[in-house]
Each structure stands twice: as C-alpha cells, then as structure tokens.
Amino acid sequence: MKEQIAIMWEKYNNFKQTAEQHQFPTIFMYDMMLEPKYKDLQENWTDEHAEIFIKGLNIVFNKLGIE
C-alpha cells in the first residue's frame with residue numbers, strides 16, 4: 001500500500017507541473033487539504049489511514065482528470 005500511495009502522490013505532483021493556469025486555484029485548494037494529510041500519514045502510518053488517503057486521492061484525480 002505504501003508503494004501505491006507513493007506512485008499516486010508522484011502522479012499528483014507531476015500533474016501539478018503541467019497543469020493549465022485555470023487549474024491553479026483548484027490545485028491550491030487540494031494542496032492545502034492533501035499535503036498535511038500526506039505528511040501525517042508518513043508519520044502516523046496505519047492501513048486504515050492509508051486507505052482513507054487513497055480514497056481522497058482518487059476523488060481528487062477524478063475531479064482534475066488525472067488518470
């Protein structure tokens with residue numbers, strides 16, 4: 001599961017590098033929600049915590065059109 005999160009997190013960060021300007025406010029909003037949760041997950045890892053984070057990332061991916 002750690003590997004899956006690492007891959008998804010990298011995909012999200014790569015998307016931010018190529019995002020169009022009109023997506024910046026949305027990405028900023030997601031960054032404000034996701035980055036603290038990602039850091040907390042790294043410090044306080046549990047499988048349940050990881051599953052919740054993956055579900056959240058999947059929602060963000062869907063909203064931003066990340067495959």
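Trainee: Which residue forms a salt bridge with Asp31, the closest N and O atoms being 3.1 Å apart?
Mentor: This is a predicted model. A salt bridge needs a side-chain nitrogen of Lys or Arg within 4 Å of a carboxyl oxygen of Asp or Glu. For Asp31, the closest N and O atoms are 3.1 Å apart, and the partner is Lys16.

Trainee: How many residues apart are Asp31 and Lys16?
Mentor: The salt bridge of Asp31 with Lys16 links distant parts of the chain. Asp31 sits in helix α2 and Lys16 in helix α1. Their separation is 15 residues.

Trainee: Is Asp31 buried or exposed?
Mentor: Buried means under 20% relative accessible area. Asp31 has 15%, so Asp31 is buried.

Trainee: And Lys16, buried or exposed?
Mentor: The cut-off for buried is under 20%. Lys16 comes to 18%, so Lys16 is buried.

Trainee: What residue forms a salt bridge with Lys16 at 3.5 Å?
Mentor: The closest N and O atoms of this pair are 3.5 Å apart. The partner lies in helix α2, 19 residues from Lys16. It has a relative accessible area of 30% and is partly exposed, and it is Glu35.

Trainee: Which residues do the salt bridges join into one network?
Mentor: Glu35 forms a salt bridge with Lys16. Salt bridges that share partners make one network. Its members are Lys16, Asp31 and Glu35.

Trainee: How many salt bridges does a search of the whole structure find?
Mentor: One is Asp31 with Lys16. Another is Glu35 with Lys16. The search of the whole structure gives two.

Trainee: Why do the buried residues of α1 line one face?
Mentor: The buried residues of α1 are Ile5, Met8, Trp9, Tyr12, Phe15 and Lys16. Seen down the axis of α1, they fall within an arc, so they line one face of the helix. That arc is 120°.

Trainee: Which exposed residues does the face of α1 turned away from its buried side carry?
Mentor: The buried residues of α1 pack against α2 and α3. The face turned away from that buried side carries exposed residues. They are Glu3, Gln17 and Thr18.

Trainee: How far apart are the end C-alpha atoms of α1?
Mentor: Helix α1 has 17 residues, 2–18. At 1.5 Å a residue they should span 24 Å. The model agrees, with the end C-alpha atoms apart by 25 Å.

Trainee: Within what arc do the buried residues of α3 fall?
Mentor: The buried residues of α3 are Ala50, Phe53, Ile54, Leu57, Val60, Phe61 and Leu64. Seen down the axis of α3, they line one face, because they fall within an arc of 125°.

Trainee: Which helices do the buried residues of α3 pack against?
Mentor: The face of α3 turned away from its buried side carries exposed residues, including Glu48, Ile52 and Lys55. The buried residues of α3 pack against α1 and α2.

Trainee: Which residue follows α3?
Mentor: Helix α3 has 18 residues, and its end C-alpha atoms are 25 Å apart. The residue that follows has a positive phi, near 80°. It is Gly65.

Trainee: What is the radius of gyration of the chain?
Mentor: The chain has three helices and zero strands. The globule rule gives 11 Å for 67 residues, and the chain's value is close to that, so the chain is as compact as a globular protein of that length. The radius of gyration is 12 Å.

Note on methods: Residues numbered from 1 in each chain as written. Predicted model: local features only at pLDDT ≥ 70, side-chain atom pairs only at ≥ 80, totals over all residues. Heavy atoms only, no water. Helix = DSSP H or I, 4+ residues; strand = E, 2+ residues; numbered from the N terminus. Expected span 1.5 Å × (residues − 1). Buried < 20%, exposed > 50% of the residue type's maximum accessible area, 1.4 Å probe, protein only. Arc of directions from axis to C-beta. Contact = heavy atoms within 4.5 Å. Rg over C-alpha atoms; globule rule 2.2 N^0.38 Å.
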